[in-house]
Amino acid sequence: MGVDDDDVTTVVDISGFWDQKLRALAAHASQSDAQALLGMLSLTGSENPVEEYVRADPPWTGGEQENDLFQGVEGG
């Protein structure tokens, strides 16, 4: 939300966790930000539930979107 599609670096399919995500948001429905998000997600249904991320460090230089949030991360 609020990010241009061209800036999205990683898209993760969350269809296997969609019901849990909606239940977790519903547990916080008394909070205005959670209530608004839950309302938006409930309107769209679960036809293609994904989460989109923008990598900040190291900065993304463009190219193909990643499908793994931990791609290139080295353990320390």
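**A guided tour of the chain**

Begin by selecting Tyr53, Leu69 and Phe70, which together make a nonpolar surface patch of about 310 Å². The model in the viewer is predicted.

Keep Phe70 selected. This residue lies in the segment after β2 (50-53). Is Phe70 buried or exposed? Phe70 counts as exposed because its relative accessibility is 62%, and the cut-off for that class is over 50%.

Next, select helix α1, residues 18-27, and show its side chains. Within this helix, Trp18, Leu22 and Leu25 are buried. Now turn the view to look down the axis of α1: the buried residues fall within an arc of 65 degrees, so they line one face of the helix. Then examine the other side of α1, where Arg23 and Ala27 are exposed.

Now display the whole chain as a cartoon. It contains two helices and two strands, and following the sequence gives the pattern β-α-α-β. Of the 76 residues in the chain, 16% count as buried. The chain exposes about 6000 Å², and carbon and sulfur atoms supply 51% of that area. Among the contacts in the chain with a separation of 6 or more, 77% are between residues 24 or more positions apart.

Finally, colour the chain by pLDDT. Where is confidence lowest, and where is it highest? The lowest mean, 67, belongs to helix α2 (residues 32-44), whereas strand β1 (residues 10-13) has the highest, at 84. The chain averages a pLDDT of 74, and 78% of the residues score at least 70.

How values were computed. Residues are numbered from 1 along each chain as its sequence is written. This is a predicted model: local features need pLDDT of at least 70, side-chain atom pairs count only at pLDDT 80 or more; totals for chains, interfaces and linings use all residues. Side-chain values use heavy atoms; hydrogens and water are left out. pLDDT is the predictor's confidence in each residue, from 0 to 100. Helices (H or I, at least four residues) and strands (E, at least two) are DSSP runs, numbered from the N terminus. Patches are made of residues with over 30% relative accessible area and no salt bridge: like charges are joined within 9 Å, nonpolar side chains (Val, Leu, Ile, Met, Phe, Trp, Tyr) within 5 Å. Accessible areas come from the Shrake-Rupley method with a 1.4 Å probe; for residues, only the protein chains shown count as cover. A salt bridge is a side-chain nitrogen of Lys or Arg within 4 Å of a carboxyl oxygen of Asp or Glu. Buried means under 20% relative accessible area, exposed over 50%, partly exposed in between (1.4 Å probe, protein chains only). The arc is that of the directions from the helix axis to the C-beta atoms. Contact means heavy atoms within 4.5 Å.
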